[in-house]
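Colleague: I would like to learn how to read a few features of this model. Where do we begin?

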Amino acid sequence: MKIVVCIKQVPDTKGGVKFNADGTLDRGAMLTIMNPDDKAGLEAALRIKDECGAEVTVITMGLPKAADVLREAIAMGADKGVLVTDRVLGGADTWATSTTLAGALRKLDYDLIITGRQAIDGDTAQVGPQIAEHLGLPVISYAQELKVEGDSIVVKRMYDDGYHMVKAQMPCLITALAELNDPRYMTPGGIFDAVDAEITTFGRADLVDVDDSNLGLNGSPTKIARASDKVKKGQGEMAPEDADPVAYIVGKLKDKHVI
């Protein structure tokens, strides 16, 4: 069984966020981590590998430094890493990103593709399903639990007021929630292996069945109008110690014509 996990190197928001003049993230100037939902997807793949036997390949699109997140995944237990990087791919929105990743995935063998539900730097939850659409695969999103049954995958899918139990025949794509599991730590032996591991690099020329008009910033139909770091909230108003809390809040809501 062959599993490909799409992971993303995202800004560590605790270290601050920086932007380029065009509104895109200045990823080269920020501290980074593996996206939490993606890490849960990787752990799910590694558990399938432990239980059933599988080859796990991790793939990411980004700057050359994104190879670091691939080595982290290999140190956790992944077998191979693929970095998709090229200047013409920079500034991509979800459409251009999914087009690029689909073009790279067409060069790989897979029975199952796992992505995170969404990335903490965009929160769109679009790339995983878009990849499935590009590749013509069934997709099950918001996975809380999953297990392999023969040539199918059974997923407990989170829903607004409960959950769905959904079964799909492989090949298919799953998007994972961070709540899916508790990802394992890197092992000392895994870290040594990751340092020496050869990372496969794909550029624009390696992408299969994609058009330049759908790549990078120029191929992104979504444009950023404005971007900023988190705005700090001002200090709140303290109620007098002798005030009735409920009456005080209701009075403030009336003053503002909320009620």
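Modeller: Start with charges over rings. A charge sits over a ring if NZ of Lys or CZ of Arg is within 6 Å of the ring centre and within 35 degrees of the ring normal. Here Lys107 lies over the face of Phe202, at 5.1 Å from the ring centre. Lys156 lies over the face of Tyr163, at 4.3 Å from the ring centre. This is a predicted model: local features need pLDDT of at least 70, side-chain atom pairs need 80 or more, and totals for chains, interfaces and linings use all residues. Numbering runs from 1 along each chain as its sequence is written, and side-chain values use heavy atoms, without hydrogens or water.

Colleague: How many residues of helix H2 are buried?

Modeller: Helices are DSSP runs of H or I, at least four residues; strands are runs of E, at least two; both are numbered from the N terminus. Buried means under 20% relative accessible area (1.4 Å probe, protein chains only). In H2, residues 67-76, eight of ten are buried. Among them are Val69, Leu70 and Ile74. Just after H2, Gly77 takes a positive phi of about 140°.

Colleague: Which residues touch the most other members of the largest nonpolar core?

Modeller: In soluble globular proteins, nonpolar side chains tend to be buried together. A nonpolar core is a set of buried Ala, Val, Leu, Ile, Met, Phe, Trp, Tyr and Cys residues joined through side-chain atoms within 4.5 Å. The largest here has 39 residues; Val5, Leu42, Leu112 and Ile174 touch the most other members. H2 gives the largest share, seven residues.

Methods:
Buried < 20%, exposed > 50% of the residue type's maximum accessible area, 1.4 Å probe, protein only.
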